[in-house]
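Hi,

Here is the structure for you to look over. My notes follow below it.

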Amino acid sequence: HCEEHQEELKLFCETDKKLICVVCVTAREHRKHRLLSIVEAAEAFKEQMKNSLETLTKEKAEIEEVEQQQKEKISGVREQSDNLQNHITSVFAELQRFIAEKERNCLIDLREDEERILNAMETHLRHIQDKIRSIQEKRLKLQELINETDSLNLLKGQTPEFVQAHLTRGLDESVKGFAVVGGALVVGKYDHPFLMYATMRGAPDNIERVSVTLDVETAGPRLEVSEDRKMVTHDLD
């Protein structure tokens, strides 16, 4: 019932969107308003809701299509990420095998370089030690004769062979010729930049190489960057 007139609500004011009674129709506030019967108003309202429902249904279908496309994009990125993870793992496993092999070869080269250099130095050291033993033997023999108190026995030892072998008038020329044989490993061959370049130059083909632009400002003091900033060399001096 109408709260103001206590009459049954039989009409609907389309303008104010409210139910009214027949007495309300004569009221000034509803005089020029569009009025509908309750049935007409209900049907019109239902029609509006049907139109809104149809619109929402279309909107829902459209947004669901976008939702599906978004899900497919997300799924695609996740699949791509999984594939890339497998690729990265595979590449680094291959790279680790490759680097391990390069490390073994590099250590072999180092040992061979060491052996070659040390062989020459140790051979010369043995010659030096042989000469020292020979000199020491002569010294002991001379000291023995110097300590001899019997002149006869002393002079018996003065044979031509002894004189030639033990008595010298000056420093033996062969002793003057002894000098330290130098030798050192080529450090630059095993230094970080050169070693890295030599290693990666032979990297497996399935490890993709990328183009880089080097920053001259951040290069180390012993590194020389090319004019196109694509290559770097190491100053071994």
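The backbone oxygen of Ala179 lies 2.5 Å from a polar atom of the His124 side chain. That is a polar contact (N or O atoms within 3.5 Å; within protein, one must be able to donate a hydrogen and the other to accept it, and residues adjacent in sequence count only if both atoms are side-chain atoms). His124 sits in helix H2, residues 38-146. Helices (H or I, at least four residues) and strands (E, at least two) are DSSP runs, numbered from the N terminus. Beyond four places in sequence, His124 contacts Phe178, Ala179 and Val181 (heavy atoms within 4.5 Å). His124 is buried, at 17% relative accessible area. Buried means under 20%, exposed over 50%, partly exposed in between (1.4 Å probe, protein chains only).

Keep in mind that this is a predicted model: local features need pLDDT of at least 70, side-chain atom pairs count only at pLDDT 80 or more, and totals for chains, interfaces and linings use all residues. Residues are numbered from 1 along each chain as its sequence is written, and side-chain values use heavy atoms, without hydrogens or water.

Confidence next. The protein's mean pLDDT (the predictor's confidence in each residue, from 0 to 100) is 77. 69% of its residues reach 70 or more. H2 is highest, at 88, and strand E5 (residues 232-234) lowest, at a mean of 58. Where pLDDT is low, the predicted coordinates should not be read in detail.

Now the cysteines. Cys21 is buried, at 0% relative accessibility. Cys106 is also buried, at 18%. The structure holds 0 disulfides (cysteine sulfur pairs within 2.5 Å).

Best wishes
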